[in-house]
Amino acid sequence: MTLATTGALIADAARSRGAVIAFNVISLEHAEGIVAGLASSGAPGILQISENAIRYHGGRLAPIVAACREIAASASTSVAIHLDHVQDLELARAGIAEAWPLGVSSIMVDAAHLDYAENVSATAGITAEAHRTSLWVEAELGEIGGKNGAHAPGVRTDPLEAAAFVAETGVDGLAVAVGSSHAMTTATAELDLDLIERLAEAVPVPLVLHGSSGVPT
Ligand SMILES: [Zn+2]
């Protein structure tokens with residue numbers, strides 16, 4: 001297989017009303033294990049590298065992405081590479097500048113900790129820059145519970161606000177707060193399925209679920 005792009009995998013999933021799974025990579029062994037799992041299930045997937053993982057590698061993006069790219073390119077299923085949860089806007093700009101040639105095809109701009117107007121402004125600016133380099137862009141609205149212990153699990157994204165946010169920022173996908181929570185160690189999250197349905201109707205781009213490892217299968 002050649003390296004896939006996030007946009008193509010998500011477009012395929014949206015056509016079949018399915019989903020694409022994404023897993024966080026910190027080290028080479030994570031990428032190897034994830035791709036082995038995808039191969040055994042026959043599923044496409046996304047290797048994602050977060051701002052924290054970039055910092056773990058001394059602020060350098062290229063070495064860990066190179067490892068992911070080689071592993072993805074020899075995978076038996078379609079695998080793409082994504083930059084996950086980039087809160088530092090300077091790091092986002094630096095990542096955007098080098099991402100596409102390295103094999104990264106998407107980025108998540110995480111400005112959900114800002115108030116709504118600042119989130120729109122930051123996300124719209126980064127999205128325009130990312131689109132100029134062909135990157136697919138995800139943003140977040142309504143903080144997703146549990147991250148850094150700062151968000152309440154009861155946080156929810158409002159459908160009308162979500163639709164306005166997508167229109168104002170031009171993002172390609174939107175992470176929403178619908179009951180899942182980061183870093184759960186048990187699969188006991190209760191998703192708000194009614195809200196997911198209303199969000200899917202209101203928002204013209206695919207929705208992204210974070211904290212998926214806490215969701216019962
Ligand atoms: Zn997340």
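**Exercise 1. The zinc site**

Are H85 and H182 buried or exposed? Find out, then describe how the zinc ion is held by its protein donors.

*Solution.* Welcome! The model is predicted, so local features need pLDDT of at least 70 and side-chain atom pairs count only at pLDDT 80 or more, while totals for chains, interfaces and linings use all residues. Residues are numbered from 1 along each chain as its sequence is written, and side-chain values use heavy atoms, with hydrogens and water left out.

Step 1: H85 and H182 are both buried. Buried means under 20% relative accessible area, exposed over 50%, and partly exposed in between, with a 1.4 Å probe and protein chains only.

**Exercise 1. The zinc site**

Are H85 and H182 buried or exposed? Work this out, then list the protein donors of the zinc ion.

*Solution.* The model is predicted: local features need pLDDT of at least 70, side-chain atom pairs count only at pLDDT 80 or more, and totals for chains, interfaces and linings use all residues. Residues are numbered from 1 along each chain as its sequence is written, and side-chain values use heavy atoms, with hydrogens and water left out.

Step 1: H85 and H182 are both buried. Buried means under 20% relative accessible area, exposed over 50%, and partly exposed in between (1.4 Å probe, protein chains only).

Step 2: The zinc ion has H85 (NE2), H182 (NE2) and H210 (ND1) as protein donors, 2.0 to 2.1 Å from it. Donors are N, O and S atoms within 2.8 Å of the metal (3.2 Å for Na, K and Ca); water is not among the atoms, so sites may look incomplete.

Step 3: Along the sequence, the donor residues follow the spacing H-x96-H-x27-H. H85 in strand β3 and H182 in the loop between β6 (173-176) and α8 are 97 residues apart, so this pair links distant parts of the chain. Helices (H or I, at least four residues) and strands (E, at least two) are DSSP runs, numbered from the N terminus.

**Exercise 2. The largest pocket**

*Solution.* On a 1 Å grid over the protein atoms alone, a pocket is an open set of points where a 1.4 Å probe fits, with protein on both sides within 12 Å along at least five of seven lines; lining residues have an atom within 4 Å of a point.

Step 1: The lining of the largest pocket has 46 residues, and V20, V208, L209, H210 and S212 are the closest to the centre.

Step 2: Sort the lining into 26 nonpolar, 15 polar and five charged residues. Here Ala, Val, Leu, Ile, Met, Phe, Trp, Tyr, Cys and Pro are nonpolar, Asp, Glu, Lys and Arg are charged, and the others, Gly among them, are polar.

Step 3: Elements supplying at least two lining residues each include α1 (6-15), β3 (79-86) and α8 (193-202).

**Exercise 3. Positive phi**

*Solution.* Step 1: S134 lies in the loop between α6 and β5. Its relative accessibility is 48%, so S134 counts as partly exposed.

Step 1: Although S134 is not a glycine, its phi is positive, about 75 degrees. Most residues other than glycine have a negative phi.

Step 2: H85 also has a positive phi, near 45 degrees.
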